[in-house]
Structure formats: C-alpha cells, structure tokens
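Please open the model in your viewer and keep the selection tool at hand.

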Amino acid sequence: MNPILVLGAGPAGLSAAAELASLGAPTLLVEKESYLGGNPTRWHYSLLAPDLRPAEEILGPLIQRVEHNPKIELHTGSLIARAEPEGKGYRVSLQSKDTVQTREVSAVILATGFDHFDSRRKFEYGYGHFPDVLDFKELEGMIHDDKVLRPSDGKPPRRIAWILCVGSRDIQIGNPWCCRMGCVVSIKQAVEIRQKHPEIDAYIYYMDVRTYGLWEDLYWKSMQEYGVKFIRGRIGAVSLTEGGKRLIATGEDTILSRPTEVPFDLIVLASGMEPGTGTKEASELFHVPVGPEGFLTPKLSDMNTIDSGLPGIYFAGAATGPKAIPDAITEGMGAALRAFQYARE
Amino acid sequence: MPIVEKSLVRVKRTEKLELDGIDVSGDWNTFLESRVQTDLDVGIVDWVRSQPQGDTIDRCWQCGTCTAGCCMHTDYGLEEFNPRYFIYLAQIGYEEELRRYAQTIWRCVSCNKCVERCPKGVKVEEVVHTIGTYLEASGRAPESPADRFDRAYTENLLDRGILDEAGLFRTYERLEGRKTPVRELLRMGTSLLLSGRLHTGPLAHRTKGWRRMRPVLKGLLDEDLRQRRESAQATRPVGRREP
C-alpha cells in the first residue's frame, strides 16, 4: 500500500496519523512548521476548556505516539508543492528545506487547520499600537508561564477586560461566522487568572455568550465561583487615559442603555478563527471547493465533516470550520478510518 | 442638536453660579449631566455577596424572568421597579445609577414569584433587599422623606413601645418643615379621637415593662446598624477614572 498523506500536524493531523499507524497503514505526515501540535503548541496554550487540563497533557501523548513511530514518516518544515491524480491516489512533490521528492500516496487527509484572526485588522482596538492590548492567544502563553503582566510597564494588572468576537461575526472585516471557542477560552482565561490572582478583576464584554453544550458549566462557574463579570455590549474603540498609563474601553452597555468609558490595565481580544494559509493552499492543490468563508467544504456538511466527496480526500479538524480540540482529535480518528478504507480497497 | 429622547436627559442645577465674577444664576445655570458611565465599583457586589441573603447575586445572567413576573413591575405597573436591572447595576458596580433607585427598591412586596421562577436559583427578593440595605447602610443614598418617616417611626415606637400616631405626625412635620392647615389637623384629630387612638403627649399609652425592654431593643438596633454601616463603608472604592 502506498502511504497515506496527512497534511498538517495539529491536533487533528496528529490524531489521524496516530490512528493510521495503529491500523498498520504507512503514513506520511507533512507539517509546514518545525514543531508538532499546531496552534496549541505555537501559542503555548495553557489549560484547555472545559476540564481545565493542561494542553500538554492532551497533546503530549499524541505527539509521543507519532514522533518515533516506525509506520509514520514525519516531515516537519515541509510542504506539498504540487499534486496530481495518479491511479486511485495522488502523486505529490514533497518539498523540504532544500530537497524535493516525488511520492505516490494512496489517500489524503487534509488537516490544515486555522489561523487566529490578525487583530491588527480591527484597528479601532489598537492592537499592535498599544502594548497593553493583547490578543488572547498571547495571554494563553502568559497564563501558561504565570506571568500575567502589563507589557508596557511590567506591572501586574488590577483590572482586565476581554472583548469577545474580535474578527468574528463582523461583516466589516468579512468574517460573519462565529469562532465557537472565543467565549469559552476567554471565560477559561478569566477563571485561570481569578484562581491564581483573586485581586485582579475580570470583565467580559459580550454580545452573546456561546458556551454551547456542556461548556455552559464553565460559564456558570466563572460567575458563581470566580466572580467574573459579564457586561453586555461590543466595545467600539480603545484609547489611552490622559496620563497614557491605562487603557479606556469606549462602548455602550446595552443593558444600562448608556455610553461607558471604563479604564482597564489590560484589554484582551478574543480573536476569531480564519481558514489557515495551509487550508487555502490545500484547496488549490487538491481542487477542493471552499465555501464563502474560505473553509474546505465537505460533501454533506449536515451529515459529516470528514468526507470531501472527491476520490481519496478526507478532512479533519478546523480546515472545514472553527473547531474545538476534542472535535479535531475525534475527526482525525474518523478521517483515518475513512482514508484507510479507501486505500485498502 | 435637538434632544429627542427627553426621558434620557438629567438636568443639574446649582443654587448660585458665578463665572469670572459675573452672576449667571438662573436659566444659564442649567447643565445636562453626562450620561457616560466611567465607574465599575466591585465593592457593591462584594458586599452583597458577603451577606447571607445576598450570596446568590453572582448567578444572575440578566434573562429578565424575575421582572417579567414581578407584581410591582407588571401588575402594579411601577415600571422603574425592575429587580433584574437592580441586580445588574450592583453586579457591574454602576453606583451612581443604582443610587437613583434607593427608594424604589423598597417597593418590593416580597411575593417571591421571582425566586420561584429564576432559572439560575437567584434568591431575587433577598438579593434586591440586600442591595437596598447596602445603599442605606453605606450612606450613599440621599436621605428621602421615606427615610425620615422611617426614622421618626422607629424613634416613636422605641419611646413607649406603642405607636403614638399624633406624636409621629408632629415629629414628621417638623422633620419635613411642613405645616398642615388647621382644618386638616382638626379632621385628622377627630378621626383619631373617634377611633380611640388620640393618646398623645402625657396621655400616651406605654407598653408594660417597657422601661426594662427599651434599652435592650435599642442596643440591638444600634449595634445592627453600626455593623452594617461599618462593613458597607469598608467596601473597596475603585474604578474612578485616573489621569
């Protein structure tokens, strides 16, 4: 059997590769970056919702299963430069640092994932301009290292605000979809900070709180056990106080029906999920249709998000839309099975 | 720009105003108060939560079920009595706005429909009363005629252990600086007399054994008030806009 190509080594790709190997299928795992684990590794995710277990505890075993596996041929820092149909499968050219090799693969799993929205595009929040305006992916790393400090003066903050839906549900920047995890991750961050530093006050500016399904529990706990406050309204602009030391979030409290200008020490932007650059490249390479949002389109998205409807191509993880880590890992397992079935036939 | 929504306008008028030595009191003296809210005072919710009756305040997520069934709000039609809103103001710490409801908040008749219906288990009736107590005890609410009446009533009752209606009326009139026309006084006096309750001044009744009871009760009330005042005033004042 020709190897099965898994493109992307985030949670979905790692899971797919590990399952393929356990089925006994030769696997070619190709990752653009130099590390394994995708966005969670890149941004040093801290604890994962909803059980608040460290990201390492969830991804570590997966990475271990993949790293020294005789069935898995691992190529980091590599990408697929070309792909064309060959028999039942594909012929691809695998481009590593300075080498290009042509390989034949029997099936393809696209686990190319997402990119965090670039918050600089919401210029009114001053991300990239005011040092104390953070993207929540950066705060993840700070919480992970227990160094939640204001970048401007290195002092601990007294009051933090989260702004939800930055780069999501926003027609101005062209992303009308919901990122599904901004709410729960922001709430989780607030809980983590309040657990360790109860003297820091945490406020979350929301339009809706979408902690769907069983995640609702964390939302309730955040209020009842950790005193996280929820203010309804979308912040319109961030500016500095007169002395320039603190930030001011200007918005409307829609429950109060009044304008608000509240000072904060840190403002955290819950940046949404966009199709990853790898996802865009993969759709061109393998001629996979994408929806208006730019995510890969499954054949029947109301039935499953794994089958592409194209011969030998399967999807896993956030390549088909915003997805949580457990969903991505589960889809990796499903995609492995489908690809294995196809390759063996 | 003309102001369309008149209900939103709050006017501030000072007694006398001089600018550069020129007296501009009068119509020049009227200012519109800014509607911009710059405070988030966590002290309020911290205090309410610390009280045995207020510890469910953090559960509220502003669905409005309480207000929808509130007999004051809906049946009686007192629109400004909105328990959901009072809780939000306390939760987020909009103290200035909350102070406006310091009197209204006591209009609750404790029917407890809100408590029965709340999907999150907020003991709305208790929480709302705790918020009212906070405003009163922290001394942040302006004293109203109702407050002065309460004070006169308590003192009157404490005096002899039984209410002296005519005496209470006199005290309250004095506190309010009000003078009731003689004709009205006569009408009220007659009706009190006929119902057998005009035992005032030296003729006033006294509860048996009140001389011994009074200091005990007074001590308790004073102690309770002192404790509530102290804890409410010790709340953390934060959130002023800093230069």
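Select A:F264 first: this residue counts as buried because its relative accessibility is 0%, where buried means under 20% relative accessible area with a 1.4 Å probe and protein chains only. The model is predicted, so local features need pLDDT of at least 70 and side-chain atom pairs count only at pLDDT 80 or more, while totals for chains, interfaces and linings use all residues. Residues are numbered from 1 along each chain as its sequence is written, chains are lettered from A and ligands numbered from 1 in the order in which they are written, and side-chain values use heavy atoms, with hydrogens and water left out.

Now display strand β17 of chain A, residues 258-264, a DSSP run of E with at least two residues, numbered from the N terminus. A:F264 lies in this strand.

Which residues is A:F264 in contact with, leaving aside its neighbours within four places in sequence? They include A:Y203, A:Y205 and, from the other chain, B:L40; contact means heavy atoms within 4.5 Å.

Next, show both sides of the contact: 33 residues from chain B and 30 residues from chain A. Two salt bridges are counted between these chains, each a side-chain nitrogen of Lys or Arg within 4 Å of a carboxyl oxygen of Asp or Glu. Select A:R258 and B:E96 to see a salt bridge with an N to O distance of 3.6 Å.

Definitions and conventions:
Helices (H or I, at least four residues) and strands (E, at least two) are DSSP runs, numbered from the N terminus. Buried means under 20% relative accessible area, exposed over 50%, partly exposed in between (1.4 Å probe, protein chains only).
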